[in-house]
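The following note was prepared for a colleague who wishes to review the structure before further discussion.

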Amino acid sequence: MTKYALLIDYKYCTGCHSCEIACRQEKHIESQEEWGIKFAEFGPVKMDDKWYWNYVPVPSALCDLCVDRIEEGKKPACAHHCLAQCMEAVAVEDLAKRMEELGGEGVACFMP
């Protein structure tokens with residue numbers, strides 16, 4: 001079976017929380033103290049005369065990348081519902097190539 005990683009191009013994340021909600025519903029997470037993916041907000045901060053304000057979706061230990069959905073040929077719930085389409089499941093062997101295609105900067109990878 002192919003192993004997958006979640007690739008997040010957070011340059012385009014708008015902070016809409018759709019991935020959090022989709023994950024909660026997919027994994028039936030009812031506790032407000034737990035999450036499968038949650039936002040970290042960085043900024044606004046000025047560095048080198050530029051302003052930065054990033055939203056970075058961070059998967060937790062509860063994230064299994066919706067392996068059951070992937071086996072059915074579907075996207076993980078977070079990626080499927082991402083309004084900015086900045087998340088994708090990528091086969092580990094294709095990860096470096098895909099990160100390079102996205103430019104590297106502002107791209108994060110999560111492997112469950």
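**Notes on the predicted model**

1. Tyr10 is placed in the loop that runs between strand S1 (4-9) and helix H1 (18-26). The model is a predicted one, and the remarks below should be read accordingly. With a relative accessible area of 21%, Tyr10 is partly exposed, because the buried class requires a value under 20%.

2. Which residues does Tyr10 contact, once its neighbours within four places in sequence are left aside? They are Asn54, Tyr55, Val56, Pro57, Gly106, Val107 and Ala108. For one of these residues, Val56, the separation from Tyr10 is 46 residues in sequence, while the C-alpha atoms are 5.7 Å apart in space.

3. Tyr55, one of the contacts of Tyr10, also takes part in an aromatic pair. A search of the whole structure finds one such pair. It is formed by Phe39 and Tyr55, whose ring centres are 6.3 Å apart and whose planes meet at 85°, so the arrangement is edge-to-face. The angle qualifies because edge-to-face applies to planes over 60 degrees apart.

4. Are the two partners buried or exposed? Phe39 has a relative accessibility of 17% and therefore counts as buried, the cut-off being under 20%. Tyr55, at 23%, counts as partly exposed.

5. A further feature involves an aromatic ring and a lysine. Lys38 lies over the face of Trp35, at a distance of 5.0 Å from the ring centre.

6. As regards the overall fold, the protein has four helices and five strands. Along the sequence these elements follow the pattern β-α-β-β-α-α-β-α-β. The radius of gyration is 14 Å, close to the 13 Å given by the globule rule for 112 residues, so the protein is as compact as a globular protein of that length. Along the principal axes, the C-alpha atoms fill a box of roughly 45 × 35 × 20 Å.

7. Of the 112 residues, 34% count as buried. The protein exposes about 7200 Å², of which carbon and sulfur atoms supply 52%.

8. Finally, the contacts may be considered by sequence separation. Among those between residues at least 6 apart in sequence, 62% join residues at least 24 apart.

Definitions and conventions: Residues are numbered from 1 along each chain as its sequence is written. This is a predicted model: local features need pLDDT of at least 70, side-chain atom pairs count only at pLDDT 80 or more; totals for chains, interfaces and linings use all residues. Side-chain values use heavy atoms; hydrogens and water are left out. Rings of Phe, Tyr and Trp (its six-membered ring) pair if their centres lie within 6.5 Å; planes under 30 degrees apart count as stacked, over 60 as edge-to-face and the rest as tilted. Buried means under 20% relative accessible area, exposed over 50%, partly exposed in between (1.4 Å probe, protein chains only). A charge sits over a ring if NZ of Lys or CZ of Arg is within 6 Å of the ring centre and within 35 degrees of the ring normal. Helices (H or I, at least four residues) and strands (E, at least two) are DSSP runs, numbered from the N terminus. The radius of gyration is taken over C-alpha atoms; the globule rule is 2.2 Å times the number of residues to the power 0.38. Contact means heavy atoms within 4.5 Å. Accessible areas come from the Shrake-Rupley method with a 1.4 Å probe; for residues, only the protein chains shown count as cover.
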